[in-house]
Amino acid sequence: MEEQLIAFHDGERTDRERVSAHLASCPECRAALEKIEAVFAAMDAMPVPDPGENYGQRVWAQISSRLPERQPRWWESFFAPRRLVSVGAFAAIVAAFLLGRLVPPEPGPGNDTKIDTAQVRERILVVAVGDHLSKSEMFLVELSNAQPNPSSGTLVNIAATQRRAEDLLEENRLYRQTALQEGDQVTASTLDELERVLLDIANSPDEVTPARFESMQQRLASRGILFKVRVIQQGLRERTKLQQKPAQKPMQQNISRRNTQEGNKA
Amino acid sequence: MTQMTSSVESALIPDAVAVERTLAGDRDAYRILVERHSQNVYRLAYRMAGNSHDAEEIVQEAFLRAYQKLKQFAGQANFGTWVYRIAANYAIDRLRQRKVDDSRREQPGRDSEDGSDIDPLAQVRDAAPSPERLARSSQLARRLEQALQDLTPAERTAIVMRHWDGCAIEEIAATLKSSTTAAKNTVFRAVQKLRMALEPFAEGRQAAKAMGTE
């Protein structure tokens with residue numbers, strides 16, 4: 001009978017009414033149930049010391065140096081099927097690199113080879129990243145404004161949206177890494193945020209409930225990613241204009257500072 | 001500002017995304033998972049181990065193991081549940097090892113596993129007098145701690161997961177690598193042993209009630 005009482009206390013549904021009826025008429029079983037309840041009450045009263053608000057950070061500090069590097073082998077990451085979609089982005093980066101190396105410096109006062117190389121490379125990257133951001137912006141706008149059709153069933157199919165997110169994701173990774181290598185922290189940081197948003201979408205189930213779809217839209221809005229993408233685009237456009245004027249001060253710093261200021265305002 | 005943004009962002013990043021990023025080589029993404037789930041794993045670890053030092057070791061080892069096995073996880077379940085289970089498994093191993101070590105030492109005078117050598121009369125004597133209610137409650141806590149330690153590792157795991165964390169029997173069975181019926185029986189046995197160990201207190205309480213001192 002004790003097993004049944006423990007199960008009863010545990011919320012077991014089987015025989016619940018029968019056990020309940022029996023308890024009403026059996027003082028011994030009621031006393032036995034009280035003892036079981038007393039065990040659980042004593043357990044509930046056992047405190048667990050609070051490890052502190054920053055406990056998670058402490059754990060991370062203790063283990064992070066013991067985590068092995070998890071670096072995908074480069075050929076694996078490059079030839080993975082999903083990577084192939086970003087061949088265009090890769091080509092742009094290679095072109096920027098090669099052109100930067102091959103284009104001869106234009107003769108002129110105050111121009112040296114290093115500035116020319118940097119400018120040509122940067123120009124190609126600015127155009128390529130700008131194009132990527134335009135596509136991302138369009139994608140985010142469409143997703144933010146989409147209204148699931150309630151008559152099409154209870155679930156919203158987002159498979160096509162996910163495929164687009166995956167495509168953008170691959171390009172985004174390449175551009176983010178390149179921006180980092182180029183020392184453009186502001187662009188890299190926004191691309192990093194964009195990447196998280198795209199990953200979130202790419203990793204969702206193919207079909208989601210309208211409520212989940214709405215919560216995805218809300219997350220997009222709360223992150224303010226669309227705004228950040230637009231700010232970076234604006235920065236890139238200004239950078240392109242500046243590039244057309246020779247003998248400017250280092251552009252990257254100007255743009256980075258401006259973007260940071262705009263970001264702070266946001 | 002970057003730091004602030006990253007902590008705000010971290011809070012918004014779903015576990016699945018952090019897992020994906022970790023697998024892609026972004027080791028820092030794992031920090032999000034560690035920071036998010038440490039407290040919960042600690043609670044389990046403390047209840048399994050009964051002390052902070054061991055609990056902290058269990059937490060660290062659980063997250064290290066989870067990192068090493070992350071490819072196996074591959075989004076199959078909730079990351080929190082998964083790392084919780086890894087912690088439970090590791091805690092059972094530690095408990096089992098400790099039991100083996102203890103039995104080798106064969107400490108004389110230690111309570112037997114089923115608590116049969118407890119002197120109930122002594123407990124009742126301690127329990128009844130009215131001014132010692134506080135002392136009695138701390139004795140009750142100590143008795144419960146001892147009774148939990150005397151459970152087998154599987155029983156302790158089962159009762160911790162079932163009662164404190166409300167885990168389903170199926171989940172307990174998966175952790176114990178047993179059938180659901182066996183897992184259910186393990187929970188029953190654990191409650192039964194605890195009930196027997198605390199019986200003197202329950203009787204003392206009833207006696208106190210009858211005497212009007214409680």
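Biologist: What is the mean pLDDT of chain A?

Modeller: This is a predicted model, in which local features need pLDDT of at least 70 and side-chain atom pairs count only at pLDDT 80 or more, while totals for chains, interfaces and linings use all residues. Residues are numbered from 1 along each chain as its sequence is written, and chains are lettered from A and ligands numbered from 1 in the order in which they are written. With pLDDT being the predictor's confidence in each residue, from 0 to 100, 67% of the residues of chain A reach 70 or more, and the mean for chain A is 72.

Biologist: In which helix of chain A is confidence lowest?

Modeller: Helices (H or I, at least four residues) and strands (E, at least two) are DSSP runs, numbered from the N terminus. In chain A, confidence is highest in helix H4 (residues 55-63), at a mean of 95, whereas the lowest mean, 43, belongs to residues 74-79, which form helix H5.

Biologist: Why should some predicted coordinates not be read in detail?

Modeller: Over residues 247-266 of chain A, pLDDT stays under 50, and residues 73-85 of chain A also stay under 50.

Biologist: Which residues are buried in helix H1 of chain A?

Modeller: A residue is buried if 20 or more other C-beta atoms, placed from the backbone, lie within 10 Å of its own, exposed if 12 or fewer, and partly exposed in between. In H1(A), which spans residues 2-9, the buried residues are A:Leu5, A:Ile6 and A:Phe8.

Biologist: Which helix gives the largest share of the side of chain B that touches chain A?

Modeller: Counting two residues as in contact if their C-beta atoms, placed from the backbone, lie within 7 Å, 44 residues of chain B are in contact with 36 residues of chain A. Several helices of chain B each supply at least two residues of this side, including H1 (2-12) and H11 (180-211). The largest share, 11 residues, comes from H3(B).

Biologist: Is B:Arg65 exposed or partly exposed?

Modeller: B:Arg65 lies in helix H4 of chain B, and beyond its neighbours within four places in sequence it is in contact with B:Ile86 and B:Tyr90. Because 15 other C-beta atoms lie within 10 Å, B:Arg65 is partly exposed.
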